[in-house]
Amino acid sequence: MADALILEKPRSPRRPSARRSNFELYSWLFMRISGLALIILVLGHLFIMNILDGGVHRINWGFVAGRWASPFWQFWDLAMLWLAEIHGGNGLRTIIDDYARKDSTRFWLKILLYVSMALILAVGTMVIFTFDPEMPAS
C-alpha cells in the first residue's frame, strides 16, 4: 500500500530560485517615478517655451544659445532627454517581450532598440554639452 503513494519526478525541469532577479520590479518602479518626473519636466518646458514672454515666436538661435549658456537649463534638458529615452525604451522593451513570439526575433528587436537608444542618448548629450553659444547664427 505504501508503494502506491510514491509520486514520480515531474518531466519538466524546475527552475532554480537563484535565477530570479528583481529587474522587472525595478523596471516597473522606474516607469512610475520617471513618468512623474517627466510630467514636471515636460510641462515646465512647454510652459516656458510656449507661454512665457511671447511664446514660440521668440525661439531662435539666440534664445537657445542663451538658455544653454546656463548649466541649470543644460541639466533640465539633459534630464528630460535621458528620462524620456529610457522611459520610452523600457516601455518598448516590455512590448517586445509581450508580442515577439520567437526568441531570435525578440533578441534582434532588443538589440536594435538598445543600439538606437545608445545612439540617440550619445548624440543628444553631445549636442547639449558641446553646443557653442558663441557660434554665429547662419
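Buried means under 20% relative accessible area, exposed means over 50%, and partly exposed lies in between, using a 1.4 Å probe and protein chains only. At 18% relative accessibility, Phe-131 therefore counts as buried.

This is a predicted model, in which local features need pLDDT of at least 70 and side-chain atom pairs count only at pLDDT 80 or more, while totals for chains, interfaces and linings use all residues. Residues are numbered from 1 along each chain as its sequence is written, and side-chain values use heavy atoms, with hydrogens and water left out.

## Annotated spans

The UniProt record, an unreviewed entry, places the feature "transmembrane region" at residues 25-48 and 111-131. UniProt positions are given in the numbering used here, feature names are shortened, and annotations may be inferred rather than shown by experiment.

How much of residues 25-48 is helix, and how much is strand? The chain there is 100% helix and 0% strand. The end C-alpha atoms of this span are 35 Å apart. Residues 111-131 are 95% helix and 0% strand. Their end C-alpha atoms lie 30 Å apart. Helices are DSSP runs (H or I, at least four residues), as are strands (E, at least two), and both are numbered from the N terminus.

## Aromatic pairs

A pair of aromatic rings is described by the distance of the centres and the angle of the planes. Rings of Phe, Tyr and Trp (its six-membered ring) pair if their centres lie within 6.5 Å; planes under 30 degrees apart count as stacked, over 60 as edge-to-face and the rest as tilted.

The structure holds six aromatic pairs. One of them joins Trp-61 and Phe-131. The ring centres are 5.1 Å apart and the planes stand at 45°, so this pair is tilted. Why does the pair tie together parts that are 70 residues apart in sequence? Because Trp-61 lies in helix α2 (residues 61-68), while Phe-131 lies in the segment after α4 (103-130). Trp-61 counts as partly exposed, at 30% relative accessibility. Trp-68 belongs here too: ring pairs link Trp-61, Trp-68 and Phe-131 into a cluster.

Trp-73 and Trp-76 form another pair. Their ring centres are 5.5 Å apart and their planes are at 55°, so the pair is tilted. Both residues lie in helix α3 (residues 71-99). They are three residues apart, about one turn of the helix. Trp-73 is partly exposed at 21% relative accessibility. Trp-76 is buried, with a relative accessible area of 16%.

## Salt bridges

A salt bridge is a side-chain nitrogen of Lys or Arg within 4 Å of a carboxyl oxygen of Asp or Glu. How many does a search of the whole structure find? It finds five salt bridges. The table lists three of them.

| Salt bridge | N to O distance |
|---|---|
| Arg-93 and Glu-24 | 3.0 Å |
| Arg-67 and Asp-77 | 3.0 Å |
| Lys-110 and Asp-97 | 2.7 Å |

The bridge between Arg-93 and Glu-24 links distant parts of the chain. Arg-93 is in helix α3 and Glu-24 in helix α1 (residues 23-50), 69 residues apart. Is Arg-93 buried or exposed? Arg-93 is buried, with a relative accessible area of 5%. Glu-24 is partly exposed, at 45%.

Arg-67 and Asp-77 meet in a salt bridge. Arg-67 sits in helix α2 and Asp-77 in helix α3, 10 residues apart. Arg-67 is buried, with a relative accessible area of 7%. Asp-77 is buried as well, at 10%.

Lys-110 and Asp-97 also meet in a salt bridge. Lys-110 is in helix α4 and Asp-97 in helix α3, 13 residues apart. Asp-97 is partly exposed, with a relative accessible area of 26%. Which residues do salt bridges with shared partners join into one network? They are Glu-24, Arg-93, Asp-97 and Lys-110.

Trp-28 lies in helix α1. Trp-28 is partly exposed, with a relative accessible area of 46%. Trp-28 and Asn-90 are 62 residues apart in sequence. In space, they are 9.1 Å apart, C-alpha to C-alpha.

Ser-34 is placed in helix α1. Ser-34 is buried, with a relative accessible area of 1%. Contact means heavy atoms within 4.5 Å. Leaving aside its neighbours within four places in sequence, Ser-34 is in contact with Leu-83 and His-87.
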